Structures are given as C-alpha cells and as structure tokens.
Amino acid sequence: MSDAAAPRQYVPLTCHGHSRPVTHLSFSPLEKEDVYYMISACKDGNPMLRDGQTGDWIGTFLGHKGAVWQARLSPDATTAATASADFTAKVWDTHTGELLYVLQHDHIVRAIAYPFEQSGMLATGGNEKKLRIFDLQDEKPSGSPTSTDPSAVTPVTIETSRAFEIGEGVHNDVIKFIVWAKDPSVIITASGDTLRWFDLPSRRCIREVRLEAEIKSCELVALAPAYSEPTDVGGGLPVLAVAAGKTAYFWGGARAEDELKQIKLPHGIASVGLDLKGRKFVVGEDSGTWAHVYRWDDGTELDVHKGHHGPIWSIAFSPDGNLYATGSEDGTIKMWKNCEGFYGLWRGGVSGNGTD
C-alpha cells in the first residue's frame, strides 16, 4: 500500500479519571447544535459523564457501592442509567447529577437499556438471569433541585415486584447485554453464548441464536437521522453488532434480526464497534491490548491502534460517526478521530510531532 493510500493516522485523546477497569462506554444521541455526551461505567463504582466530542469531564455520579458494569444515556439525554454489582440499577439527572430512581434487585445487575426512542422505561438484567422492564413514569421523584438546595430531590425506590418480567425462566446464564431494537416491541439479550429476541406484548422469546462462544460485546449501532443514509451499512437503520469467539456478527432491520454478515477473524474479539457510513468495523483483541480496524466489505485489515495497556472491553461510535471511543482494563478511555479535517480537539492530521 502506498503512502497516499494509507489510512491517515490521528493521535488519540486519552481520558483519565477512573481508578479501575472501564467496563462499558456509550454515547448519547445527537442534541441540537451537534452536541452529544459520553458516559463510562467502571469497576471503581463511579460512572462519569463527558463531553462527547472532546472527552472533557462533566461530572461523576456518586452513590453506587460496587462496580458499575454498564451505563447508558437516555434518548433525550436528560437521564443516565447505571447497572451495578451493589444489586441496584440507578437513574440520574444528567444536568444536576441528582439520583432520581433506585431499581432494587436481588443480585448483581450487569445490563441496562432504554428503548430506542423513549426515555421513560428501562430494561435490566444480570446475575438473577431475569429480564425486567421498569416503567419510570408511574412515580416521579418528589421535590426539585434548586441552586440553594441541590439535594431537594427524594429519589424513588422501585422494587423488582413492580417490574414486568419478560421471558420468565428462559435465561440459563447471566444476562450481560440488553438491546432495545428500533421496533419498540422487540428486545434482545446476550446471555452466555446465546442471543435471544423477545416480543414485549406477549413477553415471549421469539428467536434464539447460539454463537460460537460466550458473547463479549453486544450493542445497537445507530447514526443520528441527519447523518444516516440508505447507502450506509444497514440501509439507514441501526445495526446490532456482536462479538463472540473470533467472529463479529451483524444484524439489521427494524427488529435487528436480519443477518447481514459474519466475519471470522484470526484472533479473539473482546469488543466490536461499527462505522456505518465509513463501512469499517473496529474490534478489541482478545486476549490483547490492540484495536484492529477492518474493512466491512471484504474483512481486510486497515489499521491497528496501539496505546492501551489492557484489554479493550467496549467500543462506541459517536452519533455523527466522526469519532469512536475505546474503554480498557487499564482504566483509560481513548477517543479516535474518524473523519478528515478539523473536529473536536483535533486540529487536523498527525505530523511527526503529534497533532498538527
């Protein structure tokens, strides 16, 4: 490959602040004026909210008493949900940092998900091997934070008995990932080596697919509507990206059940992210510390990112597709530019001395 055809290298931004392994990353949808946010889950129990373009720290949600396994931002970005080893999921106000809801469980909560376009419900799963839906609209936290009394909110505690269980008795392993499809009646779980699709109105499992090994990563990848086109991978719809063993799996369609592709790689995969518009995907090597970039159409390796000092457990693309973030066992988050020209804190390409 000539230098002219080689992929342009950019210096990644490194986000510090966590003291333990970063277990999960996710971005908010695109807000007005192209603003978006990133949230990280960590075994230090302190999920962090950051500016999505720059990685600048905005705040830390304090209150969990155990590792936080997953963290997600609501579709309207007004709340954040966290799943923890302290037997709770919590919902936070992203503007004030106040705790709004405590969702009680009987064991470790590993997975959490909002509906694709609705911020008033949450799905949880974990070591209980139960998929539950919590309706946050039944009861609102009392009080409201003010500049003089920021602790005026009284959070609502919701017991599991008030949640709806979906697919009772179906799961045999810990639920590690939950994905709500674009079709709000379909929800998908990753448990052990098995993906399951559930129909919410009937609360029944409607499909099971066993993969080659334990599922290490399972995320719904979507671009903001303003950036989405029919020529994108998935035809403009979100794509379910899954890592298991040495294979990256991808499903499309409104219900995320149309198999698009399986790509076998020469190494194990700890995590996978998908660039819908750029038609490439990024995987964290298992076991290893590198991120490999592959072309979607033929699986050719395009690049290798080095810099992390531990396995990469989570990879997420921004809602405009212009960057992606990697979260690692080493306790850091790295943000990688995925576009030409000026963007965020990147002023251009990379020279011998760093970012130019």
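Colleague: Before I look at this predicted model, what counts as a helix or a strand here?

Modeller: Both are DSSP runs: a helix is H or I over at least four residues, and a strand is E over at least two. By that reading, the protein chain has 31 strands and 0 helices.

Colleague: How compact is the protein chain?

Modeller: Its radius of gyration is 19 Å, close to the 21 Å that the globule rule gives for 356 residues, so the chain is as compact as a globular protein of that length.

Colleague: Now a sheet. How do I read the way strands pair, parallel or antiparallel?

Modeller: The general idea is that strands of a sheet pair through backbone hydrogen bonds, either parallel or antiparallel. Take the open sheet of 4 strands with the order S23-S24-S25-S26: its pairing is antiparallel. At its edges lie strand S23 (268-275) and strand S26 (301-305), each pairing on one side only. From one strand to the next, the twist averages 25°.

Colleague: How many bridges join S23 to S24?

Modeller: There are 7, linking S23 with strand S24 (residues 280-286), and the two run antiparallel.

Key. Residues are numbered from 1 along each chain as its sequence is written. This is a predicted model: local features need pLDDT of at least 70, side-chain atom pairs count only at pLDDT 80 or more; totals for chains, interfaces and linings use all residues. Side-chain values use heavy atoms; hydrogens and water are left out. Two strands pair if DSSP finds at least two bridges between them. Axes are lines fitted to C-alpha atoms, for helices over the stretch in contact, and angles run from 0 to 180 degrees between N-to-C directions. The radius of gyration is taken over C-alpha atoms; the globule rule is 2.2 Å times the number of residues to the power 0.38.
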